[in-house]
Amino acid sequence: MAPQRLQALAFGDSDEKIAAIRDIAAGGDHSALPVLQALENAELHTTPDGRVLIVKDGAVIDAATGGKVEPTPEQLDEVVVNNRIRSELATAIASLKLFSKNRAERLAAAQALQAGADESLLPAISRALAQETDPRIKEKLQLAQAGLQLASPDPATRLSAVRTLAASSDPNTRTLLLALLAKKADGYAEPDPTVRAEAEKSLRAVESRLAMGERAAQVFSGVSLGSILLLAALGLAITYGLMGVINLAHGELIMVGAYATYVVQNLFRSHLPHAFDFYLLCAAPAAFVASALVGIALERSVIRHLYGRPLETLLATWGISLILIQGVRTLFGAQNVQVENPSWMSGGVELMSNVVLPYNRIVIILFAGMVVLLVAALLARTRLGLFIRAVTQNRSMAGCCGVPTARVDTYAFGLGAGIAGLAGCALSQIGNVGPDLGQAYIVDSFMVVVLGGVGQLAGTVYAALGLGVVNKFLEAWQGAVLAKIAVLVFIILFIQKRPQGLFALKGRTAES
């Protein structure tokens, strides 16, 4: 860095500092980046004899030469920056990072400049654009350049910039184009009618692309919500759909799975911190086993004595749900506990500037699909599945053929409870885990099972995904509360017309 610029940064007033920062950014001097970052982080200091030093992590470095300074000078004065200088620094640092060898750093810098850059950075952006080879970064730089060229006095340059902006899907571009078409007291903000006409065309293209992105985001949110509903309702499709047990403690079985995940997470954090990213591989089976054991104990001790008496089952499981909630409050406290995502589930995939698909939601969608396939294979391909289907269709005949119906009931209930535990494990990755976690999903789970057709696995899948997508589109249209009411009214009307749900009713209830 030139000595006079360094002196201006360290000893100049605000205007001199800003001028020096703009000169450095416009020159694209990447070697000045550590000094600007030190100034931004309050690490730049001066000495009474006029030296400029960077003090970072206990080390003292000469800002002019980059050499270590020993011993540390007795008197160091921090270089103070105000909000104006801090704003200039942020933009200048982003522009200098455009020349970094690190792709991620260049991409982040291009995104920052696209969101807002000063006209003085136009030469630096043009230089970076000339040497950039990555198509994604190049596109963002072109949009940043075009945004700045809108202020050019040359109509041909503005026309070219407007045409470039037509390819953007960034909401900020719409704001730029609208500003161009705004009316003033003496006419339009853009004086040239040709540029205005092109700006209108570009605006329509950008708005069309933004609308497409919003619809794609709504569909993804709907599928994501549908996969969560599917996981929550899948276990109930077995305990209520196949066995005919109205289990109001189903939500608390989900909660047990979520708390099992929390316990496994804490065990990894305290005993295997280096393997923390893999704790979900142990948490998922642990959540399944914990909920399945609770479900088996519930079936053996209470449900078994109440088969054929749905109202008493309903009251008994409601009481058990209250006991489970209180038990969890006693063990873990009434406050929500935190379950952390592994690092590979943080972040997301950016499809468009207004569409980002979070990794944790993508993983849950894939996980829900995998659980459905495993359950379908278990019911269709295994001996246990054969027994469950036989007992469901004709209990007496199955018993006469030697099927241990009472044991099958226990296994089936344990399977349904274990799947609820898997749902709890998945839910812990996208929200808070607390004693009331299951209450939020019990009504939705029953709605999915009833709409899909009691005892129908395929119906549960269609109903969960359908309700998720419809709910998200209605939310965007009328808000969350009215969307919930509309879905509930729709299900009531649908059940009036088609009591068996989307698919024909089968199972023990039909037999009776």
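Modeller: What follows is a walk through some local features of this model, which is predicted.

Biologist: Start with salt bridges. How many are there?

Modeller: The structure holds 13 salt bridges.

Biologist: What does arginine 84 pair with?

Modeller: Arginine 84 forms a salt bridge with aspartate 15, and the closest N and O atoms are 3.2 Å apart. The pair links distant parts of the chain, with arginine 84 in helix H4 (residues 83–97) and aspartate 15 in helix H2 (residues 14–27), 69 residues apart.

Biologist: And why is arginine 84 called partly exposed?

Modeller: Because its relative accessible area is 48%, and partly exposed covers the range between the 20% limit for buried and the 50% limit for exposed.

Biologist: Next, arginine 103. Which residue does its side chain meet?

Modeller: The side chain of arginine 103 meets aspartate 134 in a salt bridge, at 2.6 Å from N to O. This pair also links distant parts of the chain: arginine 103 is in helix H5 (residues 103–115), while aspartate 134 is in the loop between helix H6 (122–131) and helix H7 (135–149), 31 residues apart.

Biologist: Aspartate 134, buried or exposed?

Modeller: Buried, with a relative accessible area of 15%.

Biologist: Left-handed or right-handed?

Modeller: The crossing of H6 and H7 is left-handed.

Biologist: Now H18 and H19. How do they pack?

Modeller: Helix H18 (residues 439–452) and helix H19 (residues 457–478) pack at about 120 degrees, with their axes 8 Å apart. They are therefore oblique to each other. H18 passes H19 in a right-handed crossing.

Biologist: Where does methionine 447 sit relative to isoleucine 492?

Modeller: Their C-alpha atoms are 9.5 Å apart in space, and the residues are 45 apart in sequence. Isoleucine 492 is in helix H20 and is partly exposed, with a relative accessible area of 48%.

Biologist: Change of topic: backbone. Which peptide bond is cis?

Modeller: The bond from glutamate 70 to proline 71 is cis, with omega near -10 degrees. Proline 71 is in the loop between strand S3 (59–62) and strand S4 (77–78).

Biologist: And what is the phi of alanine 42?

Modeller: Positive, about 60 degrees, although alanine 42 is not a glycine. Most residues other than glycine have a negative phi, and most peptide bonds are trans.

Biologist: Where is alanine 42 found?

Modeller: In the loop between helix H3 (33–40) and strand S1 (44–46). Alanine 42 is partly exposed, with a relative accessible area of 34%.

Biologist: Last one. How far is the C-alpha of aspartate 170 from that of asparagine 354?

Modeller: They are separated by 6.8 Å, with the two residues 184 apart along the chain. Aspartate 170 lies in the loop between helix H8 (155–165) and helix H9 (171–181).

Biologist: And is aspartate 170 buried or exposed?

Modeller: Aspartate 170 is buried, at 13% relative accessible area; the limit for buried is under 20%.

Conventions
Residues numbered from 1 in each chain as written. Predicted model: local features only at pLDDT ≥ 70, side-chain atom pairs only at ≥ 80, totals over all residues. Heavy atoms only, no water. Salt bridge = Lys/Arg side-chain N within 4 Å of Asp/Glu carboxyl O. Helix = DSSP H or I, 4+ residues; strand = E, 2+ residues; numbered from the N terminus. Buried < 20%, exposed > 50% of the residue type's maximum accessible area, 1.4 Å probe, protein only. Left-handed = near helix turned anticlockwise from the far one by under 90°. Axes fitted to C-alpha atoms, helices over the stretch in contact; angles between N-to-C directions. Parallel < 35°, antiparallel > 145°, perpendicular 65-115°, else oblique.
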